[in-house]
Amino acid sequence: MTETQNAHEHTPRMQMAKVAPEVYKAVLALEIAAKKGLDPALVELVKIRASQINHCAFCIDMHTKDAIAAGESVERIVLLPAWEESRHFYTEKELAAIELTEAVTVLTDGFVPDEVYEKAAKHFEERELAQLIAVIATINVWNRIGVTTRLVPGHYKPGMYKA
């Protein structure tokens, strides 16, 4: 039997927190303010879904581990990329948040469609919706930092970066 070995782990291009601590702290402050008052499970689903779309392996690793540590089911996390075919695993509110996450993250038509926004507005009070939009925007900032600086997935432990 042949022994298999994982591919070589890449190294990060830079450590943003060390090179530009003011930027890192500003994004972190936005993150803390954005998620205040929102359901933590919903926030993790949003972060995982945006990170999947953006191919940010570091953030997928981090938020999947945080979600599981907070009691989220592996089944719901695994099915998240196919949420449209597995809608029955999520609440209508979660589905509205996931759909809004995709629209804000991808912006394929250059805007968020009215029907997507209106669906989210039905499930979230205005302040909650504003915070949800900020959570989506913030994870997109983190994803772009993670992908560009080539953060390495696999070493994160839940709670490691308490915010």
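Arg87 is placed in the loop between α5 (74-79) and α6, helices being DSSP runs of H or I with at least four residues, numbered from the N terminus. This is a predicted model, in which local features need pLDDT of at least 70, side-chain atom pairs count only at pLDDT 80 or more, and totals for chains, interfaces and linings use all residues. Residues are numbered from 1 along each chain as its sequence is written, and side-chain values use heavy atoms, with hydrogens and water left out.

**Surroundings of Arg87**

- With a relative accessible area of 34%, Arg87 is partly exposed; buried means under 20%, exposed over 50% and partly exposed in between, for a 1.4 Å probe and protein chains only.
- Not counting residues up to four places away in sequence, Arg87 touches Glu92 and Leu95, where contact means heavy atoms within 4.5 Å.
- Arg87 and Arg76 are 11 residues apart along the chain, and their C-alpha atoms are separated by 9.9 Å.

**Salt bridges**

- The structure holds 9 salt bridges, each defined as a side-chain nitrogen of Lys or Arg within 4 Å of a carboxyl oxygen of Asp or Glu.
- Side chains of opposite charge can pair when their charged atoms come close.
- Arg76 forms a salt bridge with Glu72, and the closest N and O atoms are 2.5 Å apart.
- Glu72 is buried at a relative accessible area of 12%, and Arg76 is buried at 14%.
- Within helix α4, Asp61 and Lys65 lie 4 residues apart, about one turn of the helix, and their side chains meet in a salt bridge (3.0 Å, N to O).
- Asp61 counts as buried at 15% relative accessibility, whereas Lys65 counts as partly exposed at 26%.
- A further salt bridge joins the side chains of Lys119 and Glu99 (2.8 Å, N to O).
- Because Lys119 lies in helix α7 (residues 114-123) and Glu99 in helix α6 (residues 92-106), this pair ties together parts that are 20 residues apart in sequence.
- Lys119 is partly exposed, with a relative accessible area of 30%.

**Aromatic pair**

- The whole structure contains 1 aromatic pair; rings of Phe, Tyr and Trp (its six-membered ring) pair if their centres lie within 6.5 Å, and planes under 30 degrees apart count as stacked, over 60 as edge-to-face and the rest as tilted.
- Tyr24 and Trp142 form this edge-to-face pair, at 5.4 Å centre to centre with 65° between the planes.
- The pair links distant parts of the chain, with Tyr24 in helix α2 and Trp142 in helix α8, 118 residues apart.
- Tyr24 counts as partly exposed at 24% relative accessibility, while Trp142 is buried at a relative accessible area of 14%.

**Largest pocket**

- The largest pocket holds about 960 Å³ of space; on a 1 Å grid over the protein atoms alone, a pocket is an open set of points where a 1.4 Å probe fits, with protein on both sides within 12 Å along at least five of seven lines.
- Its lining comprises 35 residues, of which Tyr24, Phe58, Met62, Tyr156 and Tyr161 are the closest to the centre; lining residues have an atom within 4 Å of a point.
- Helices that each supply at least two lining residues are α1 (16-19), α2 (21-35), α3 (40-53), α4 (57-69) and α8 (126-149), and α4 gives the most, with 6 residues.
- The lining divides into 22 nonpolar, 6 polar and 7 charged residues; Ala, Val, Leu, Ile, Met, Phe, Trp, Tyr, Cys and Pro count as nonpolar, Asp, Glu, Lys and Arg as charged, and the others, Gly among them, as polar.

Terms used:
Points joined across faces, edges and corners; volume = space filled by probe spheres on them.
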